[in-house]
Amino acid sequence: MIATVVDWDALLQVIWVSLVAGVGVPAAWGFALLGTTRALESGRNGRAAEGVVYGVVGVVGLATVVAAIIFSIVILTGD
Amino acid sequence: MGSEIIVVIVVATALIFDFTNGFHDTANVVATSISTRAMPPRVAVGYASILNFVGAFVSLEVAATVANDVVSVNANSIGLLAVFAGLVGAIAWNLITWYFGLPSSSSHALIGGMVGAVFVAEGSENVFFEEGILGKVMIPALVAPVLAFIVGGLAIVVLYRIVGRLRPGPVSGGFRFGQVISGGLLALAHGTNDAQKTMGVITLALVANGTLSGDEFHVPDWVVGSAATAIALGTYVGGWRIIKTMGSRIHKMDAAQGFAAQGSSATVILAASHVGFPLSTTHTISGAVIGSGAAKRLSAVRWGVAGNIVLAWVLTLPAAAVIGGLTFLVARAFGTGAAGPIIVSAAILTGAGMLFARRSREGAAPGVVPAPGSTPS
């Protein structure tokens, strides 16, 4: 009976969106922290090229978080 | 005239429920931010109340589920009485669990109360047990905390892999700042999912009164605005006893765990809101909190406390249903006019006042926040 009464499309959508966004966004924030921290350390130690690479990692991580939040709000307000 | 008075009482009762929902549930939203010291308690609660208000305007999918898919009421005074009794069942259960410091679920209390009252008032044919209650409430209710547990656990494992070799000071600061964002999203998600349940119930009452047509789902703007305001005010007043349970009694969290728990539960609730599943914020964030703790170290989780929370969840639906059904019988005993709701409202207000007075005498009045790291009672 359960198989027929559950809206599987909706439930599976909740599951995959939660897994992708719930792990992906914190991971992106982790990369933002990693990039920022390492970029500052590299800059202090005079390793400019390494600092730039880590800086890019930090910016991309932060941009991913911001984009994910904006995207989710746009999707929700479209209901 | 009699039915108009009942509508006013039902709307007021629904908004009081919404207030108690914010009071009871949203403490869970800010608990992790407070326990990791990402935000001072008053700032966290104020911030959460603003985002609850905003969140109420985001979507109407959950309101449609509550108004159309769980129960139906006939457009008469019995239908109105049933909606009123369902709300009283939910409020009574929320007060009982608040008094004993148990994180129950306002959402399931509301649905349980409505099901019990409508079952007694209108019969089983007006309660949609399969597609509605089982398919859109019970199954998602079981899936959500498990999903939040898995997502919260995976998120913290991934986070530790990414930042594990960094110096702890700046990383903790970064995650505390991240909690301002994740806590805000969780508050927004709570407002989105929970305020809509009240909107759905008020809409149901307006349909029962004949004010709105039952053929086409529509939530008036004043219903959205008043539900948003009530849940935001309830959040601001806060349920401090439950902050203590969620924030420190399950396990001691670091800022990364708090961030992972808030982020994963916000994601699950927002995704569920998008498809119209009326989830419980409490269930979901509890699952994420436990998942983020268990992923680090199984013994860090106080499983006994987690077990008590599960017990409260299991009891919520049937207990609220029984109270809702009994409330309908009591209100109906005074006829189909406004006398029953007025008498029941007076009784519930008196009971609530007595519980607050007793709690205050015991020295654990709302507004008293235990110092971080204090021994849980």
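Q: What makes residues count as touching V71(B), and which ones are they, not counting residues up to four places away in sequence?
A: Two residues are in contact if their C-beta atoms, placed from the backbone, lie within 7 Å, and by that test V71(B) touches M114(B), V115(B), V118(B), N126(B), V127(B) and F128(B), once residues up to four places away in sequence are set aside. The model is a predicted one, in which local features need pLDDT of at least 70 and side-chain atom pairs count only at pLDDT 80 or more, while totals for chains, interfaces and linings use all residues. Residues are numbered from 1 along each chain as its sequence is written, and chains are lettered from A and ligands numbered from 1 in the order in which they are written.

Q: How do you know whether L186(B) is buried or exposed?
A: L186(B) has 33 other C-beta atoms within 10 Å, so it is buried. This residue sits in helix α7 (residues 168-208) of chain B, and, leaving aside its neighbours within four places in sequence, it is in contact with V29(B), Q262(B), S265(B), A266(B) and I285(B).

Q: What is the reach of α4(B) from its first C-alpha to its last, and how is it set against the expected value?
A: The expected span of a helix is 1.5 Å times one less than its number of residues. With 23 residues, α4(B) reaches 33 Å, close to the 33 Å expected. After α4(B) comes G101(B), whose phi is positive, near 70°.

Q: Why is α4(B) described as largely enclosed by the rest of the structure?
A: Of its 23 residues, 18 are buried, so α4(B) is largely enclosed by the rest of the structure.

Q: What makes the elements of chain B helices, and how many are there?
A: Helices (H or I, at least four residues) and strands (E, at least two) are DSSP runs, numbered from the N terminus, and on this basis chain B comes to 13 helices and zero strands. Of its 377 residues, 61% count as buried.

Q: Which residues touch the most other members of the largest nonpolar core?
A: A nonpolar core is a set of buried Ala, Val, Leu, Ile, Met, Phe, Trp, Tyr and Cys residues joined through C-beta atoms within 7 Å. The largest one has 133 residues, and V10(B), V83(B), F84(B), L87(B), V201(B) and A205(B) touch the most other members. Not counting residues up to four places away in sequence, F84(B) touches I6(B), I9(B), V10(B), T13(B), A331(B) and P341(B).

Q: How many residues does the contact take from chain A and from chain B?
A: The contact takes 30 residues from chain A and 39 residues from chain B. On the side of chain A that touches chain B, the largest share, 20 residues, comes from α2(A).

Key:
A residue is buried if 20 or more other C-beta atoms lie within 10 Å of its own, exposed if 12 or fewer, and partly exposed in between; C-beta atoms are placed from the backbone.
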